[in-house]
Amino acid sequence: MSTTNLSLDNIQNFKGKYPKQLWYLFFSEMWERFCFYGMRGMLVIFMVTELAMNDRVANLQYGATQAFVYAFTFIGGLFADKILGYRKSLFWGGLLMIVGSMILAFDPKQFFFFGISFTIIGTGFFKPNISTMVGKLYKDDDHRRDAGFSLFYAGVNLGALIGGYLCIAVANGSMLTSIVPPALRWNVAFGFAAFVMLISLLTFTQTQKSLGTIGLSPLALETKSKRRTLEITTYVGSLIIIPIIMTMVSNTDYTDIFMFIIGPASLLYLLYEMRNFTIAENRKLLAALVFILFSIFFWAFFEQSGGSLSLFAAHNLNNTVLGIPLDPNGVNNSANSFFVIIFAAAVGLIWLWMHKRKIEPNTVVKFGLGFLFLAGGFYVFYYTKFFADATGKTSLDLFTFGWFIITFGELCLSPIGMSVMTKLSPHKTQAVMMGMWFLASAYGQYFAGLLGANIAEASENASNLEKLTVYADGYKDLALYALIAGLILIAISPLVKKLMQEVK
C-alpha cells in the first residue's frame with residue numbers, strides 16, 4: 001500500500017477547522033455505515049417474517065448478533081495495534097463485509113448466519129481502526145478534535161440514513177416495487193449493502209496515500225518474512241473461526257457465555273498493559289473506563305432501535321410524517337441519522353464557540369447531558385400511547401420527535417466518546433481502547449436484546465392495543481433509568497475530571 005512522503009506534522013498542522021484527510025475517511029466510513037445500518041435495520045423484521053422467529057427470540061437473536069459485531073471491534077483493534085496496522089486491518093475487514101453481504105444477497109434464508117458471520121468479523125477489523133485514524137489526524141492538545149469527530153459522525157449517519165431507510169423499504173415493498181420482484185426484495189436489499197461496501201473500500205484505497213505514515217504496519221522493524229507470516233496467520237485465523245462464530249451467533253446461549261468472558265478478558269489485558277505505563281497515564285485510563293462503563297447503559301437503551309422499536313414501528317405506528325407517507329420502520333431506522341446529519345456539524349461548532357469563551361462543559365458533563373436527552377426521547381416514546389386509536393396504531397410524527405430529542409443525546413456522547421478515547425489512551429493502545437469503546441457497545445447491544453425480549457415476552461398473546469401499552473410502559477422505565485444515570489454522571493464529573501488531568 002503506497003504512501004507519500006507527507007509527514008505527520010504536515011497533516012496535523014492543517015489550517016481551518018478540518019484536515020482534508022478527514023473528508024476521505026468521512027466518505028469511506030459513510031458507505032461502510034450504509035452497509036452496516038442497512039443490514040442492522042433489516043435483521044429483526046427478516047427474522048420474524050422470513051425465518052418465523054417469535055418477537056422474543058428475534059430480540060434475543062438481534063442482541064446476540066449485534067453484540068458479536070461490536071465485541072469483535074475489540075479483537076480487530078488488538079490485531080491492528082499488534083500486527084496488521086490500521087490500513088490493512090480496514091482493508092481486510094471491508095473485503096469480509098463484501099463477501100458476507102454477497103452471501104446474504106444470494107440466499108438470505110439459507111445462508112443467513114453464514115453471511116452474518118462474515119460481516120461480524122469484517123466489521124471488527126474495519127470499524128475501530130478508521131475511527132483511530134481520524135484521531136491521528138490531530139495533535140494530542142488540539143481542541144478541534146471534538147469538532148472533527150462530530151463531522152466524521154455526520155458521515156456515519158449519512159450512510160445510516162440512506163442505508164437504514166432504503167434497505168428495509170425495499171425489503172418491505174415500500175420502494176422500487178415496479179423494479180424489484182416481490183420474491184427478490186430481500187436479496188436486492190442485502191445486495192445494496194454489498195455494492196456500497198465495495199464503494200467504501202475503493203474510496204479508501206484511492207485516497208490512503210494522503211495519510212502519510214498513519215495506519216502503517218506496527219511491525220515495520222521486523223523482517224519482511226516474519227511480518228508476512230504474522231499477517232497471513234491473522235487472515236487465515238479470521239476465516240477459520242467463521243464456523244465457530246456461526247454456531248455462537250445462531251445459539252444465544254453461547255452468546256451469554258461469550259459475553260461473560262470477553263469483557264473480563266479485555267479488562268485483564270488492559271491491566272496487563274497498564275503495568276508499563278506511568279501513574280498519570282493509568283489515571284487517564286481509569287477515566288476512560290468510567291466513560292466506557294456508562295456508555296454500556298446508554299447503548300442498551302438507544303439500541304432498542306434495531307430490536308423492540310423495530311417491532312413497535314411495524315405493529316403500532318401509522319405511516320405518515322407531516323402528512324408524507326413513509327415506511328414506519330424506515331423512519332425508525334433513519335430518523336436519528338437524519339437529525340444527526342442536520343445538527344452534528346452545528347453541535348461541533350457550538351463546542352468550538354463555547355471553548356473560545358471558556359464556557360465549554362467538560363466531557364463528563366457532556367456525557368451526562370447525553371443521558372438526559374436520551375431520557376427525554378424515551379419519555380416521548382412512552383407518551384405515544386396517549387395518541388393511539390382503537391387498533392393500537394399511534395403517531396409516527398410524535399415517535400419521530402422522540403428521535404429528534406435522542407439525537408442531541410447521541411451527539412453529546414458518541415462522537416465525544418470516540419474523541420476522548422484517543423485523548424486518554426497512550427499511543428500504543430489507542431486501537432485497543434477504541435475497541436473497548438465499541439466493546440461497551442457490544443454489551444449495550446447484548447442488554448438491549450435482553451430488555452427488548454422482556455418487553456416482547458410481556459406482550460405475548462396480547463392485542464395490538466395492549467402491546468402498545470406494554471411497549472410504551474417499558475420505554476417509560478428506560479427513560480427513568482437514563483435520567484438517573486445522567487444525574488450520577490454530572491455529580492461525579494469533578495472526580496473524573498481530576499483523573500483526566502490536562503485532557504478536557
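Buried means under 20% relative accessible area, exposed means over 50%, and partly exposed lies in between (1.4 Å probe, protein chains only). This is a predicted model, in which local features need pLDDT of at least 70 and side-chain atom pairs count only at pLDDT 80 or more, while totals for chains, interfaces and linings use all residues. Residues are numbered from 1 along each chain as its sequence is written, and side-chain values use heavy atoms, with hydrogens and water left out.

**View 1. The whole chain.**
The protein chain has 16 helices and two strands. Both kinds of element are DSSP runs, numbered from the N terminus: helices are H or I with at least four residues, strands are E with at least two. The C-alpha atoms fill a box of roughly 65 × 50 × 40 Å along the principal axes. Why can the chain be called compact? A compact globule of 504 residues would have a radius of gyration near 23 Å, and the protein chain agrees, with 22 Å. That radius is taken over C-alpha atoms, and the globule rule is 2.2 Å times the number of residues to the power 0.38. Of the 504 residues, 59% count as buried. Among contacts with a separation of 6 or more, 83% are between residues 24 or more positions apart. Contact means heavy atoms within 4.5 Å. The accessible surface comes to about 19,600 Å², and 67% of this belongs to carbon and sulfur atoms. Accessible areas come from the Shrake-Rupley method with a 1.4 Å probe; for residues, only the protein chains shown count as cover.

**View 2. Glu-231 and Lys-88, a salt bridge between two helices.**
The side chains of Lys-88 and Glu-231 meet in a salt bridge (3.1 Å, N to O). The pair links distant parts of the chain: Lys-88 is in helix α3 (residues 55-106) and Glu-231 in helix α7, 143 residues apart. A salt bridge is a side-chain nitrogen of Lys or Arg within 4 Å of a carboxyl oxygen of Asp or Glu. Helix α7 covers residues 224-240. Is Glu-231 buried or exposed? Glu-231 counts as buried, at 7% relative accessibility. Lys-88 is partly exposed, at 26%. Glu-231 also touches Ile-83, Leu-84 and Ser-217, among others, not counting residues up to four places away in sequence.

The structure holds eight salt bridges. One of them joins the side chains of Arg-33 and Glu-32, at 2.6 Å from N to O. Arg-33 is buried, with a relative accessible area of 1%. Glu-32 is buried too, with 0%. Lys-366 forms a salt bridge with Glu-360, and the closest N and O atoms are 2.7 Å apart. Lys-366 counts as buried at 1% relative accessibility. Glu-360 counts as partly exposed at 26%.

**View 3. Two loop residues with positive phi.**
Most residues other than glycine have a negative phi. Leu-322 has a positive phi of about 55 degrees, although it is not a glycine. Leu-322 is found in the loop between β1 (320-321) and β2 (324-325). Leu-322 is exposed, with a relative accessible area of 74%. Lys-358 is not a glycine either, and its phi is positive, at about 60 degrees. Its loop runs between α12 (328-356) and α13 (363-383). Lys-358 counts as exposed, at 77% relative accessibility.

**View 4. Helix α11, largely enclosed.**
Why is helix α11 (residues 308-316) described as largely enclosed by the rest of the structure? Seven of its nine residues are buried. Among them are Leu-309, Leu-311, Phe-312 and Asn-316.

**View 5. A nonpolar patch on the surface.**
Leu-480, Tyr-481, Leu-483, Ile-484, Leu-487 and Ile-488 form a nonpolar surface patch, with about 550 Å² of accessible area together. Patches are made of residues with over 30% relative accessible area and no salt bridge; like charges are joined within 9 Å, and nonpolar side chains (Val, Leu, Ile, Met, Phe, Trp, Tyr) within 5 Å. Ile-484 lies in helix α16 (residues 464-500). Ile-484 is partly exposed, with a relative accessible area of 43%.

**View 6. Leu-369 and its contacts.**
Leu-369 lies in helix α13. Leu-369 is partly exposed, with a relative accessible area of 28%. Leu-369 touches Cys-412 and Ile-490, not counting residues up to four places away in sequence.
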